Amino acid sequence: MAVTIDPALLPELQRYGAFDVAACFNCGNCTAVCPLTDDDATFPRRIIRYAQVGMKAELLASKELWTCYYCGECSETCPRQAEPGEFMAAARRYAIASYDRTRLARTMYLQPVIGTAIAVMLAAVFAMFMYAAHGPQDGSTLALFQFIPSELIHNLGLAVMIVVGLAGLAGIVTMGRHIAKSEGVGWGAVFGGRAALGRSARALWIALGIDSLGQRRYRKDCESVQEPVAWYRRRWLLHALTMWGFLGLFGATIADYGLDLLGVKATGAPVPVWYPVRLLGTVTGAMLIFGTTMLILNRLQKANRSVRKSQSADWTLLSLLWLTGVSGFALELALYLPQAPAWGYWVFLFHVAVAMELVLLAPFMKLAHVVYRPVALFFYSLKPSPSAG
Ligand code: SF4
Ligand code: SF4
């Protein structure tokens, strides 16, 4: 198969943070120390090689790119200070931007001022749009959905979900086509017959259940080379709490909407704290706040190798996650107070606007790895890399 060389690939990757990878002389130290190398004797230096020679299609089709959780062990041992761990992170940023046809992800990564302005403006637009339809503020009880009608929030949420779904699907299809073409995996290998379906179901379980939700690689392999820290500061745990917290809050919101549609419980109807959907929101909200707070502290303190360098995109995502969690908790507190505090209504408006923005921007920033990583791991489990050196 003919290989297309793109001389602009390396300079482009350097804009995403792969500053020093040109210095790599393919010695293989990073491969020797990487806890994820398995039987693939070419990871991660093969991907570095793609960048050096301009093999853009091959780089974008590298499912192994997404198996790396940036433990930073390879960067510690690289004799050329080529920062292979940082390169892998930069290549993932580049991949997210390349899978997105709107180029919004590229703007978010490469133009931090404009990216931050877009994030702030989006939240303001959502808030103003909802405020334009606001009703009275009840002073005796916190009647949130009298202030902002639940139908408006539901319809706005639905519109956001449709945009996110389409953008996410387009990215997944682009990524899947890159990998499937490079791996020679056709529809038949995934769906053709009982044996293929069985293999696909197993690969899906490993990708989604074991490695993504269960964090197996992060928890076992990456943790094995990390500097010792208190258990509550372990990278895999903070990553897991943030991910489970976000997914749990998202699930609680969808479930609340579903109960409303089924006529079981109207959105906003007062329920005790143990009511399952509310309990799910409270517990996962606490997980999200703890996870993101510690991740922010780790970045501020440069507490481990993987957070020595931070991009503005890292801060944007962590800030949005943290603000969503904290404003949700402040709202919960306001609901428990005997008298309805006026600030509860403004926190509500802020919370909904930021949460909508977070979901809407998900396919265009680092959060997109929530879907790209499982897709790559699916292909990885379906067809592990050859062990050729
Ligand atoms: S250890 Fe450094 S120089 Fe050696 S292959 Fe890896 S990135 Fe290249
Ligand atoms: S950062 Fe860790 S997992 Fe990623 S390539 Fe380097 S050693 Fe391997």
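Reader: Which residues surround ligand 2?

Author: In this predicted model, ligand 2 is surrounded by C34, P35, L36, P44, C68, Y70, C71, G72, C74 and G85. A residue is placed in such a shell if one of its heavy atoms lies within 4 Å of the ligand.

Reader: What makes the shell around ligand 2 a shell with no charged residues?

Author: Asp, Glu, Lys and Arg count as charged, and the shell around ligand 2 divides into 8 nonpolar, 2 polar and no charged residues. Cys, Pro, Leu and Tyr count as nonpolar, whereas Gly counts as polar. Among the residues of this shell are G72 and G85.

Reader: How many residues surround ligand 1, and which are the closest?

Author: The shell around ligand 1 holds 13 residues, and C24, C27, G28, C30 and C78 are the closest. By class, this shell has 8 nonpolar, 3 polar and 2 charged residues. At least two residues of the shell come from each of α2 (29-33) and α3 (45-53).

Reader: Why is α3 called roughly perpendicular to α6?

Author: Helix α6 comprises residues 84-99, and α3 packs against α6 at an angle of about 65°, with the axes 11 Å apart. Angles of 65 to 115 degrees count as roughly perpendicular, and therefore α3 is described as roughly perpendicular to α6. The crossing of α3 past α6 is left-handed.

Reader: Which residues of α3 and α6 meet?

Author: From α3, I47, I48 and A51 meet P84, F87 and M88 of α6. The residues of this contact divide into 6 nonpolar, no polar and no charged. Residues three or four places apart in an α-helix point the same way, because there are 3.6 residues a turn.

Reader: What is the phi of E83, and where does E83 lie?

Author: E83 has a positive phi of about 50° although it is not a glycine. Most residues other than glycine have a negative phi. E83 lies in the loop between α5 (73-77) and α6. Another case is Q215, a residue other than glycine with a positive phi near 55°. Q215 is found in the loop between α12 (193-213) and α13 (216-222).

Reader: Why are α14 and α15 called roughly antiparallel?

Author: Helix α14 (residues 235-262) packs with α15 at an angle of about 150°, and their axes are 7 Å apart. Angles over 145 degrees count as roughly antiparallel, so α14 is roughly antiparallel to α15. Their contact has 15 nonpolar, 10 polar and 1 charged residues. The crossing in which α14 passes α15 is left-handed.

Reader: How do you know that the span of α14 is close to the expected one?

Author: With 28 residues, α14 reaches 40 Å from its first C-alpha to its last, and the span expected at 1.5 Å a residue is 40 Å. For α15 (residues 276-301), the 26 residues reach 37 Å, close to the expected 38 Å.

Reader: Which residues follow α14 and α15, and what is the phi of each?

Author: α14 is followed by G263, whose phi is positive, near 80°. Just after α15, K302 takes a positive phi of about 45°.

Reader: Why are α8 and α17 called oblique to each other?

Author: The axes of α8 (residues 112-131) and α17 (residues 342-361) come within 8 Å and cross at roughly 130°. Angles over 145 degrees count as roughly antiparallel and those of 65 to 115 as roughly perpendicular. The helices α8 and α17 are therefore oblique to each other. The crossing of α8 past α17 is right-handed.

Reader: What is the make-up of the contact of α8 with α17 by class?

Author: Residues of α8 including I118, L122, F126 and M130 meet residues of α17, among them W346, L349, M356 and E357. By class, the contact has 16 nonpolar, no polar and 1 charged residues.

Technical notes: Residues are numbered from 1 along each chain as its sequence is written. Chains are lettered from A and ligands numbered from 1 in the order in which they are written. This is a predicted model: local features need pLDDT of at least 70, side-chain atom pairs count only at pLDDT 80 or more; totals for chains, interfaces and linings use all residues. Side-chain values use heavy atoms; hydrogens and water are left out. Helices (H or I, at least four residues) and strands (E, at least two) are DSSP runs, numbered from the N terminus. The expected span of a helix is 1.5 Å times one less than its number of residues. Axes are lines fitted to C-alpha atoms, for helices over the stretch in contact, and angles run from 0 to 180 degrees between N-to-C directions. Angles under 35 degrees count as roughly parallel, over 145 as roughly antiparallel, 65 to 115 as roughly perpendicular and the rest as oblique. A crossing is left-handed if the near helix is turned anticlockwise from the far one by less than a right angle, and right-handed if clockwise. Contact means heavy atoms within 4.5 Å.
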